[in-house]
Amino acid sequence: MKVNFGFLLPLAVLAASAFVAPAQANPTGDRPTVTPTIVAQRGERSMQASQSKPMLQGNNYVGLAGSEEGAVVNGRYALSNRFSIRPEVFTNLGGDNGEEGVAVLAPVTLDFNGSNGDRTFQPFAGMGPGVRTGDSTELQFVTTAGADIQLGKRYAINGSVNYLPFDDQQVDFVAGLGYRF
């Protein structure tokens, strides 16, 4: 086996230079350098950015609700501080008119901050697509409006009114309890 020592020497120099911290290098010699200026400025900018933006964590939820159509699994997922998607899955198993099926709605909503910046009462309004299955599959369009009321750190009461103009102009009321995460 032939070893090329010409290749090992530059590799050894690179490995040794990795152990020398750039913070200890001081080209002017007048004072010790503690942290590089660029790294310190980058750290300050990221701390300022994280302190200025409110966290989205805790505003999302998944919950169970009831409506005129049957049982509902609903939720909220924040897309930004002002917009969110609020999926709803309606089940109508053994309904009064004999129709069984599932409807899935996914409206994108504009979230209002409530009065005086109050985060416990958060109204919203929006619109989006949907699908209804059963005897036949239909594409839907939904407009929705409602509010979330925060209960402590982990729960939220939610209520909404859904208007489906392509489904014989159906209006549906939904109310439920969500677990925030």
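Trainee: Which element gives the largest share of the lining of the largest cavity?

Mentor: That is S9, which contributes four residues to the lining. A cavity is a set of points, on a 1 Å grid over the protein atoms alone, where a 1.4 Å probe fits but cannot get out, and lining residues have an atom within 4 Å of a point. Helices (H or I, at least four residues) and strands (E, at least two) are DSSP runs numbered from the N terminus.

Trainee: Before we go on, what kind of model is this?

Mentor: It is a predicted model, in which local features need pLDDT of at least 70 and side-chain atom pairs count only at pLDDT 80 or more, while totals for chains, interfaces and linings use all residues. Residues are numbered from 1 along each chain as its sequence is written, and side-chain values use heavy atoms, with hydrogens and water left out.

Trainee: OK, back to the cavity: how much space lies in the largest one, and which residues lie nearest its centre?

Mentor: The space comes to about 90 Å³, where a volume is what is filled by probe spheres set on the points, and points are joined across faces, edges and corners. Of its 15 lining residues, Tyr61, Asn74, Glu88, Phe124 and Ser160 lie nearest the centre. Strands S2 (71–78), S8 (138–151) and S9 (155–164) are the elements that give two or more residues to this lining.

Trainee: And how does that lining split by class?

Mentor: There are five nonpolar, seven polar and three charged residues, with Ala, Val, Leu, Ile, Met, Phe, Trp, Tyr, Cys and Pro counted as nonpolar, Asp, Glu, Lys and Arg as charged, and the others, Gly among them, as polar.

Trainee: Zooming out, how many helices and strands are there?

Mentor: The protein has two helices and ten strands, and along the sequence they follow the pattern α-α-β-β-β-β-β-β-β-β-β-β.

Trainee: How much of it is buried, and what makes up the largest nonpolar core?

Mentor: Of the 181 residues, 27% count as buried, where buried means under 20% relative accessible area, exposed over 50%, and partly exposed in between (1.4 Å probe, protein chains only). The largest nonpolar core has eight residues, namely Ala65, Val72, Phe90, Ala103, Leu105, Val142, Leu164 and Val174; such a core is a set of buried Ala, Val, Leu, Ile, Met, Phe, Trp, Tyr and Cys residues joined through side-chain atoms within 4.5 Å.

Trainee: What does Ala65 touch, leaving aside its neighbours within four places in sequence?

Mentor: Ala65 is in contact with Gly70, Ala71, Val72, Asn74, Val174, Ala175 and Gly176, where contact means heavy atoms within 4.5 Å.

Trainee: New topic: how many aromatic pairs are there?

Mentor: The count is two, with rings of Phe, Tyr and Trp (its six-membered ring) paired if their centres lie within 6.5 Å, and with planes under 30 degrees apart called stacked, over 60 edge-to-face and the rest tilted. Phe141 and Phe166 have ring centres 6.3 Å apart and planes at 50°, so this pair is tilted.

Trainee: Is Phe166 buried or exposed?

Mentor: Phe166 is exposed, because its relative accessible area is 62%. In the other pair, Tyr155 and Tyr179 have ring centres 5.7 Å apart and planes at 70°, so they are edge-to-face. Tyr155 lies in strand S9 and Tyr179 in strand S10, so that pair ties together parts that are 24 residues apart in sequence.

Methods: 1 Å grid on protein atoms, 1.4 Å probe; cavity = no way out; pocket = protein on both sides within 12 Å on 5 of 7 lines; lining within 4 Å.
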